[in-house]
Amino acid sequence: MSLRHMHFRSIDRRRWLIVLGALALGVPAGTPAAAQQAESSPQAAEREGPAARPAAAQQRSRRSPRRARAANRPAPALRHTTPVGAPALHSDIADMLSARTRGGEWGVMIVSLTRGDTLYSRNAGLSLLPASTMKLYTSAIALERFGPDHQFSTAVLRDGPVTPDGTLQGNLYIRGAGDPGFSNRFIRGTPAAPLELLARYVHDAGIRRITGDIVGDASAFEARTIPEGWRSRYLGYGYAAPFSALSINENVVVILVEPGPDGAIVTTQPASTAMPVTNKVRLVKGTRGNIGVRRVAGGGIEVRGVIGTRSGPRRYELVINEPARFTTGALEHALEAQGVAVDGAARVGETPDSAVRVAALPSAPLARLVSVMNRESVNHFAELIFRNAARGPERDAQGSADAAYEYLREFMVTKVGAGPDAVFATDGSGLSALDRTTPRAMIKLLDYAHRAPWAATFHASLPVAGESELLRNRMKFTPAQGNLHAKTGTTNEVISLAGYATAANGEVIAFSFIYNGRDRWNARQTIDAMGATLASFIRE
């Protein structure tokens with residue numbers, strides 16, 4: 001899948017960072033930062049990691065041009081079959097798995113949920129990297145613990161009295177609850193829309209001046225902001241932005257550069273007092289633009305370069321390294337825009353138990369959050385939902401990856417009926433190189449989810465073959481189109497697919513396909529052929 005995000009990558013290993021423009025990659029103006037997991041080309045699948053070339057292309061320098069062209073020539077499409085009877089299906093799937101991929105390991109399990117029999121199994125107990133199919137586990141434990149209608153709440157509180165003239169004699173707190181949709185995904189406006197709304201609520205509560213500080217409280221989650229097992233080469237990309245219980249706009253800030261009547265104009269969305277901007281962009285004739293950005297001491301950025309007088313606005317995106325601090329500064333900026341004066345500074349701390357609530361902003365229902373997470377494969381959503389599952393509905397525990405894994409493990413054993421070591425997770429998104437699952441554990445999860453009270457929400461959250469999100473260009477014009485719905489997973493070392501298909505005779509089939517290896521291109525064709533074959537299957 002493509003990455004609808006920008007990455008600032010060092011080219012001289014010093015402090016200067018080159019900004020890659022969103023327009024250069026065709027990102028529409030105003031695209032939410034978290035829409036970073038879509039498809040960029042017919043050859044590219046969903047990517048939770050940086051773009052990877054086929055293994056053949058990596059060897060190009062050691063081959064003749066003719067051999068390189070031959071190695072990179074797409075193989076003929078692998079066709080699906082229409083098996084009649086379980087033995088025929090077993091034989092066809094076995095033939096597909098043995099015909100295409102060069103190296104790597106397969107784990108496959110196919111079960112009829114209608115009849116309860118196993119239709120095919122290969123290495124079903126083998127522990128493999130799941131990639132983003134890990135999000136199915138995150139979905140299940142969150143829906144099991146909260147239910148589809150649950151909402152998280154970001155609150156604003158005060159620790160002092162408000163005088164008749166509107167002066168808050170004390171601090172104002174913003175307490176994060178790990179709302180992954182705290183952006184303009186669900187609220188109209190700029191990326192700062194939820195903070196602008198909270199600032200308006202504060203103003204409407206009669207507060208016109210704050211003598212103390214604006215304090216951001218991210219203590220609902222662990223202090224660690226990068227999960228264990230995320231590769232260092234991922235960091236700096238929007239899909240691997242740091243997470244926090246107090247986050248805004250999926251922890252990516254948009255930098256807008258445009259020509260103005262008196263010089264170049266540089267703004268950020270959201271704007272934050274915790275990230276001051278120094279504008280050193282020069283206005284030149286023409287339509288060109290060459291912009292550079294560097295981080296400076298104190299959390300600010302310096303933007304320099306040139307932009308043409310006839311250039312359109314240029315949008316870039318930068319990962320927020322300190323989400324809680326940035327979000328707190330963004331609230332301070334929103335308050336000042338509402339006419340609320342702040343005497344103190346923006347800082348991070350914890351809310352005292354005696355603090356009084358001023359306002360709160362609920363999240364979208366969990367069903368909608370899970371749908372975004374699975375359909376667009378947004379890692380930020382997965383990490384926050386995973387840790388919220390650890391906190392539970394009473395919010396009496398800290399959200400950490402370790403606690404979430406322990407809850408997942410207990411859920412798999414006591415509810416799903418899997419072994420205690422069937423799944424290992426250090427994150428909720430599947431980006432970690434340490435995550436493991438077996439196809440059998442995935443099938444057990446899919447079986448449980450199919451029968452759970454929240455089954456309809458779970459099914460609806462999955463992309464549909466040939467029609468929506470990450471499966472919209474796969475299995476088109478086959479019996480799987482509009483039928484098969486499943487979660488995708490792709491990294492440099494993995495391609496996987498897990499979900500459901502309805503056979504031609506009406507039985508519901510659950511499947512888990514996991515390939516670990518470098519020949520992902522042929523593996524994906526094999527998976528798509530197997531998926532279409534399941535939709536064509538007829539019982540004798």
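**Aromatic contacts in close-up**

Nine aromatic pairs are counted in this structure, which is a predicted model. Selected pairs and ring contacts are described in the legends below.

**View 1. Edge-to-face pair of Phe411 and Tyr448.** The two ring planes stand at 90° with the ring centres 5.5 Å apart, so the pair of Phe411 and Tyr448 is classed as edge-to-face.

**View 2. Stacked pair of Phe511 and Phe513.** The ring centres of Phe511 and Phe513 are 4.8 Å apart; because their planes meet at 25°, and planes under 30 degrees apart count as stacked, this pair is stacked. Phe511 has a relative accessible area of 0% and is therefore buried. Phe513 is likewise buried, its relative accessibility being 0%.

**View 3. Aromatic cluster containing Phe411 and Tyr448.** One aromatic cluster is made up of Phe411, Tyr448, Trp454 and Phe458. Among its members, Phe411 and Tyr448 form the edge-to-face pair of View 1.

**View 4. Charged side chain over the ring of Phe243.** Arg387 is positioned over the face of Phe243, and its distance from the ring centre is 3.9 Å.

**View 5. Charged side chain over the ring of Phe477.**

Methods:
Residues are numbered from 1 along each chain as its sequence is written. This is a predicted model: local features need pLDDT of at least 70, side-chain atom pairs count only at pLDDT 80 or more; totals for chains, interfaces and linings use all residues. Side-chain values use heavy atoms; hydrogens and water are left out. Rings of Phe, Tyr and Trp (its six-membered ring) pair if their centres lie within 6.5 Å; planes under 30 degrees apart count as stacked, over 60 as edge-to-face and the rest as tilted. Buried means under 20% relative accessible area, exposed over 50%, partly exposed in between (1.4 Å probe, protein chains only). A charge sits over a ring if NZ of Lys or CZ of Arg is within 6 Å of the ring centre and within 35 degrees of the ring normal.
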